[in-house]
Amino acid sequence: MVTGEKGLLKFLSPKLRNLLHPINIEAALLWSVAGTATALWLIQPFDWLKKKVWEVEEKAEREEQTNE
C-alpha cells in the first residue's frame with residue numbers, strides 16, 4: 001500500500017473504512033467510465049455534440065476576427 005492512501009479514508013468510521021479500499025474506489029470509477037462510454041456509444045448524440053462544441057468554437061473564431 002502506498003503511503004497516504006489510508007490517509008484519505010481516515011475521516012470515515014473504521015467499519016466503513018474496511019469496505020472502501022482504494023482498489024474498490026478505483027474499480028467503481030473505472031466501471032463508471034465504461035458505463036458512460038457504453039451509453040454514449042448506444043445513444044450516439046454526435047449531431048448534438050457537433051452543434052454544441054463546434055458552433056461555440058466557430059462563434060469564438062468569428063468574434064476574434066471581428067475584434068481584430
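The accessible surface of the protein chain is about 6400 Å² (Shrake-Rupley method, 1.4 Å probe; for residues, only the protein chains shown count as cover). Carbon and sulfur atoms hold 64% of that surface. Of the 68 residues, 3% count as buried, meaning under 20% relative accessible area, with exposed set at over 50% and partly exposed in between.

This is a predicted model, in which local features need pLDDT of at least 70, side-chain atom pairs count only at pLDDT 80 or more, and totals for chains, interfaces and linings use all residues. Residues are numbered from 1 along each chain as its sequence is written, and side-chain values use heavy atoms, with hydrogens and water left out. The mean pLDDT (the predictor's confidence in each residue, from 0 to 100) is 78 for the chain, and 85% of the residues score at least 70.

The fold is read from DSSP runs: helices are H or I with at least four residues, strands E with at least two, numbered from the N terminus. The chain has three helices and zero strands. Helix H1 (residues 14-19) has the lowest mean pLDDT of the elements, 75. Helix H2 (residues 22-43) has the highest, 90.

H2 has 22 residues, so at 1.5 Å a residue it should span 32 Å; the expected span is 1.5 Å times one less than the number of residues. Its end C-alpha atoms are 32 Å apart, which agrees. An unreviewed UniProt entry annotates residues 20-43 as "transmembrane region". That span is 92% helix and 0% strand. Just after H2, glutamine 44 takes a positive phi of about 50°.

Helix H3 (residues 46-67) contains tryptophan 48. Tryptophan 48 counts as exposed because its relative accessibility is 52%. Phe46, Trp48, Leu49, Val53 and Trp54 form a nonpolar surface patch with about 520 Å² of accessible area together.

Terms used. Patch = residues over 30% accessible without salt bridge, like charges linked within 9 Å, V, L, I, M, F, W, Y side chains within 5 Å. Salt bridge = Lys/Arg side-chain N within 4 Å of Asp/Glu carboxyl O. Buried < 20%, exposed > 50% of the residue type's maximum accessible area, 1.4 Å probe, protein only. UniProt positions renumbered as here; feature names shortened; annotations may be inferred.
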